[in-house]
Amino acid sequence: MRREGPVPETDLKQQLAERFHQVNGVHPMTDADDVYVSAQFVVLEELCAGHGRDVDEVRRLMLGRRLPLPGYLRSDGAEMVPADLFALADGAGGAEVLEAWFTAHWADPAIGKAEWNAYLSGQYVCLHSVTPAAIQRKEHLTAAIGAAANEPDAGSAPWRTRLHALVDELDALEPDFTAYDRLRFGGPTSRDTCVDAMRARFPRP
């Protein structure tokens with residue numbers, strides 16, 4: 001019988017890349033995408049080295065649905081992750097209890113589970129800092145901005161002031177996104193529809 005040993009680092013990295021493409025599809029990263037991602041995110045190996053983490057173990061946690069997948073794979077294959085990747089797990093008491101801690105922020109267990117799955121996908125690149133509170137606030141803001149046009153005083157100066165306060169808050173929560181995001185998400189981002197489009201359609205009073 002062949003004795004099983006540790007999975008080599010190259011295999012773990014390949015497995016993670018395959019999982020990433022299963023979730024996001026296979027889309028090209030342009031030079032502009034690479035520049036954006038390098039400015040907004042950090043290379044997984046570098047983050048692990050800076051925090052005294054074993055990169056192989058972190059990849060195993062990602063593959064085991066204990067930590068989120070990378071937000072991006074740069075065109076050179078680098079796994080790009082947020083600088084605060086470990087913050088939620090550390091605050092919750094470890095990766096093993098992160099799911100229970102995370103989902104408890106939603107009163108409806110089904111919604112909590114759905115948000116956990118979304119978090120694990122690594123696709124919450126729409127927030128500077130991915131926390132349950134920021135996720136919930138973004139949901140509130142996008143819903144409020146989307147419904148604003150149906151308010152009784154829509155178009156008035158007070159309404160525009162309220163609208164732009166919502167838009168400005170969402171603007172502060174979200175990064176700029178890049179062209180790759182519009183490919184993997186299959187259309188415009190929330191910044192496109194809820195920030196840029198609303199500011200263009202309803203200029204400040």
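Visitor: In which helix is Val23 found?

Guide: Happy to start there. This is a predicted model, and Val23 sits in helix H1, which covers residues 9-24.

Visitor: Why is Val23 called partly exposed?

Guide: Its relative accessibility is 34%. Buried would need a value under 20% and exposed one over 50%, so Val23 counts as partly exposed.

Visitor: What does Val23 touch, leaving aside its neighbours within four places in sequence?

Guide: Val23 is in contact with Leu69, Ser121 and Gln123. As for Arg191, it is 168 residues away along the chain, and the C-alpha atoms of Val23 and Arg191 are separated by 22 Å.

Visitor: Let me step back to the whole chain. How many helices and strands are there?

Guide: The chain has 11 helices and three strands. Read from the N terminus, the order is α-α-β-α-α-β-β-α-α-α-α-α-α-α. Along the principal axes, the C-alpha atoms fill a box of roughly 75 × 40 × 30 Å.

Visitor: What percentage of the residues counts as buried?

Guide: Of the 205 residues, 42% count as buried. There is a figure for contacts as well: among those between residues at least 6 apart in sequence, 70% join residues at least 24 apart.

Visitor: What makes S1 and S2 the edges of the sheet?

Guide: The strand order is S1-S3-S2, in an open sheet with antiparallel pairing. Strand S1 (42-43) and strand S2 (72-73) each have a single partner strand, so one side of each is left without a neighbour in the sheet.

Visitor: How do you know that S2 and S3 pair?

Guide: Pairing requires at least two bridges between the strands. S2 and strand S3 (residues 79-81) have two bridges, in the antiparallel sense, so by that cut-off they pair. Leu73, for instance, has Glu79 in S3 as its bridge partner.

Visitor: What puts the buried residues of helix H2 on the same side?

Guide: In H2 (residues 31-40), the buried residues are Asp33, Asp34, Tyr36 and Val37. They cover an arc of only 165° around the axis, and therefore lie on the same side of H2. These buried residues pack against S2, S3 and helix H10 (179-184), while Asp31, Ala32, Val35 and Ala39 are exposed on the other side of H2.

Visitor: Is the crossing of H3 and H4 left-handed or right-handed?

Guide: Right-handed. The axes of helix H3 (residues 44-51) and helix H4 (residues 55-63) come within 9 Å and cross at roughly 115°. Leu44, Glu45 and Cys48 of H3 meet Val55, Val58, Arg59 and Met62 of H4. By class, this contact has five nonpolar, no polar and two charged residues.

Visitor: And what is the handedness of the crossing of H8 and H9?

Guide: That crossing is left-handed. The axes of helix H8 (residues 132-147) and helix H9 (residues 157-173) come within 10 Å and cross at roughly 145°. Among the residues making the contact are Arg137, Leu141 and Ile145 of H8 and Leu163, Leu166 and Leu170 of H9. The contact residues divide into nine nonpolar, one polar and three charged.

Visitor: Turning to the loops, why does Thr189 count as buried?

Guide: Thr189 lies in the loop between H10 and helix H11 (190-201). Its relative accessibility is 4%; the cut-off for buried is under 20%, so Thr189 counts as buried. Leaving aside neighbours within four places in sequence, Thr189 is in contact with Phe177, Asp181 and Arg182.

Visitor: What about the phi of Phe177?

Guide: Phe177 has a positive phi of about 70° although it is not a glycine. This residue belongs to the loop between H9 and H10. At 6% relative accessibility, Phe177 counts as buried.

Visitor: Where is Arg65, and what is its phi?

Guide: Arg65 is in the loop between H4 and S2. Its phi is near 65°, again a positive value in a residue other than glycine.

Visitor: Why is Arg65 called partly exposed?

Guide: At 39% relative accessibility, Arg65 falls between the cut-offs of 20% and 50%, so it counts as partly exposed.

Methods. Residues are numbered from 1 along each chain as its sequence is written. This is a predicted model: local features need pLDDT of at least 70, side-chain atom pairs count only at pLDDT 80 or more; totals for chains, interfaces and linings use all residues. Side-chain values use heavy atoms; hydrogens and water are left out. Helices (H or I, at least four residues) and strands (E, at least two) are DSSP runs, numbered from the N terminus. Buried means under 20% relative accessible area, exposed over 50%, partly exposed in between (1.4 Å probe, protein chains only). The arc is that of the directions from the helix axis to the C-beta atoms. Contact means heavy atoms within 4.5 Å. Axes are lines fitted to C-alpha atoms, for helices over the stretch in contact, and angles run from 0 to 180 degrees between N-to-C directions. A crossing is left-handed if the near helix is turned anticlockwise from the far one by less than a right angle, and right-handed if clockwise. Ala, Val, Leu, Ile, Met, Phe, Trp, Tyr, Cys and Pro count as nonpolar, Asp, Glu, Lys and Arg as charged, and the others, Gly among them, as polar.
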